[in-house]
Amino acid sequence: MVTAERPFHLVVFGASGFTGQFVTEEVAREQVDPERSSRLPWAVAGRSREKLQRVLERAALKLGRPTLSSEVGIIICDIANPASLEEMAKQAAVVLNCVGPYRFYGEPVIKACIENGASCIDISGEPQFLELMQWKYHEKAAEKGVYIIGSSGFDSIPADLGVIYTRNKMNGNYSSISTVYGFGDQSSLKKLRNASNLKPVPLVGPKLKRRWPISYCRELKSYSIPFMGSDVSVVRRTQRYLYENFEESPVQYAAYVAVGGITSVIKLMFAGLFFLFFVRFGIGRQLLIKFPWFFSFGYFSKQGPTQKQLDAASFTLTFFGQGYGQDIGADKNKPNLKICTQVKGPEAGYVATPIAMVQAAMTLLNDASDLPKAGGVFTPGAAFSKTKLIDRLNKHGIEFSVISSSEV
């Protein structure tokens with residue numbers, strides 16, 4: 001990726017926001033990584049110079065780097081001012097966009113980056129936004145030779161690359177993979193998919209059976225419910241890309257989240273009923289936003305986590321895959337190979353997400369020869385499946401490993 005004519009390799013847009021502060025700290029760590037062989041000029045961007053300066057000062061204090069503020073550029077930029085977005089994009093090789101919700105604020109950043117030759121990474125977990133951006137801007141990004149990578153945080157990188165890792169660790173063809181680990185505008189998403197006129201990808205092996213809305217996972221000794229995030233949408237788009245461009249057999253995929261014992265299940269059921277009822281009305285949506293702790297029975301709150309909570313939290317994604325050996329056909333035979341893999345890491349939202357986002361950006365900067373030949377709008381798996389991103393994540397505390405592998 002060409003960076004010589006741009007003053008900054010990375011620009012963190014929305015650095016003064018809650019997530020942006022953690023991404024800023026992670027870029028600062030990457031800047032002084034002992035394995036780096038070259039300097040990393042970068043900047044923070046946002047509406048208020050004072051707030052950005054305070055973010056850098058807090059990061060300097062936390063990381064023990066008193067000179068940090070003088071090492072980082074500051075760009076004044078407002079999501080409501082297209083000209084300022086263009087000026088930001090002209091100065092960056094890669095923009096790390098931390099300004100959400102992306103369905104409201106994401107498109108102007110993507111448009112400015114494409115028109116001004118900057119790549120862009122976001123951490124959106126909104127399937128409608130992600131798929132709409134690919135539908136609207138893929139060809140324009142390809143013409144400019146820039147890469148727009150959506151959902152590059154915990155929302156999807158561990159899941160998307162976890163499927164690819166799991167597949168690569170089995171010497172055969174996959175039939176299906178399930179993961180145990182928002183509600184959006186579903187009608188608009190369905191219309192968008194219908195308008196895309198995409199041909200269905202082939203089904204390899206028997207169709208993956210969906211679990212009940214509440215089911216017991218014997219392997220993890222925990223109840224589970226379907227995961228309502230963007231993982232499934234992102235993984236399916238990646239599998240389509242790998243099939244259409246590399247003729248790799250597409251994997252069937254489903255995602256679930258472990259919720260613990262029966263008490264947790266009951267609490268979640270009531271929280272879900274509250275949500276489904278109140279989200280239908282304007283005043284109900286306002287109440288959900290204003291009092292999330294009450295309506296979720298303590299699962300969600302408006303306050304961010306404390307440092308103690310961040311240090312104590314972690315995540316584990318467990319993948320259960322089944323498929324076929326090289327000499328076994330998938331037409332009439334049952335899968336004869338099984339594998340279990342895991343992706344583990346620190347707290348998901350504000351520790352793992354910045355790590356994933358920054359390492360994705362470093363991959364764009366350093367592994368250009370392994371990226372898709374032309375630019376475009378990609379899922380993480382489509383963009384990074386041939387790169388060293390998994391190795392980078394392993395070195396930074398997001399670990400991919402094989403738990404078991406067997407032949408049935």
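Me: A helix is a DSSP run of H or I of at least four residues, numbered from the N terminus. In which helix does leucine 132 lie?

Reply: In this predicted model, leucine 132 lies in helix H6, and its C-alpha atom is separated by 9.6 Å from that of arginine 103, which is 29 residues away along the chain.

Me: Why is leucine 132 called partly exposed?

Reply: Buried means under 20% relative accessible area and exposed means over 50%, with partly exposed in between; leucine 132 has 26% relative accessibility, so it counts as partly exposed.

Me: What makes cysteine 98 count as buried, and where is its place in the chain?

Reply: The relative accessibility of cysteine 98 is 13%, and because the limit for a buried residue is under 20%, cysteine 98 counts as buried. Its place is in the loop between strand S4 (92-97) and helix H5 (102-115).

Me: With which residues is cysteine 98 in contact, once its neighbours within four places in sequence are left aside?

Reply: Cysteine 98 is in contact with Val12, Phe13, Gly14, Gly20, Val23 and Met357. Glutamine 21, 77 residues apart from cysteine 98 in sequence, is 9.3 Å apart from it in space, C-alpha to C-alpha.

Me: What makes the peptide bond from glycine 100 to proline 101 cis?

Reply: The omega of that bond, from glycine 100 to proline 101, is near 0°; proline 101 is found in the loop between S4 and H5.

Me: Which is buried and which is exposed, serine 151 or lysine 221?

Reply: Serine 151 is buried, because its relative accessible area is 1%, whereas lysine 221 has 67% relative accessibility and therefore counts as exposed, the cut-off being over 50%. Serine 151 lies in the loop between S6 and helix H7 (157-168) and has a positive phi of about 55° although it is not a glycine. Lysine 221 lies in the loop between strand S8 (215-217) and strand S9 (222-226), and its phi, near 55°, is likewise a positive value in a residue other than glycine.

Me: How do you know that the largest nonpolar core lies between domain 1 and domain 2?

Reply: The largest nonpolar core has 92 residues, and those with the most contacts inside it are Leu10 and Trp42. Helix H14 (residues 348-366) gives the most to this core, with eleven residues. Domain 1 (8-153 + 350-394) and domain 2 (157-262 + 306-349 + 396-407) both give residues to the core, so it lies between them.

Me: Which residues are closest to the centre of the largest cavity?

Reply: About 70 Å³ of space lies in the largest cavity, and of the 14 residues that line it, the closest to its centre are Leu130, Gly150, Arg237, Val377 and Phe378. Helix H6 (127-144), strand S6 (147-149), helix H9 (231-246) and strand S13 (376-378) are the elements that give two or more residues to this lining.

Me: Where is the pLDDT below 50?

Reply: The mean pLDDT of the protein is 86, and 87% of its residues reach 70 or more. Over residues 172-179, however, the pLDDT is below 50, and this stretch has 52 contacts in the model beyond near neighbours in sequence. Residues 181-186 also have pLDDT below 50, with 19 such contacts. Where pLDDT is low, the predicted coordinates should not be read in detail.

Note on methods
Residues numbered from 1 in each chain as written. Predicted model: local features only at pLDDT ≥ 70, side-chain atom pairs only at ≥ 80, totals over all residues. Heavy atoms only, no water. pLDDT = per-residue confidence, 0-100. Contact = heavy atoms within 4.5 Å. Core = buried A, V, L, I, M, F, W, Y, C linked by side-chain atoms within 4.5 Å. Buried < 20%, exposed > 50% of the residue type's maximum accessible area, 1.4 Å probe, protein only. Domains from an automatic or database assignment. 1 Å grid on protein atoms, 1.4 Å probe; cavity = no way out; pocket = protein on both sides within 12 Å on 5 of 7 lines; lining within 4 Å. Points joined across faces, edges and corners; volume = space filled by probe spheres on them.
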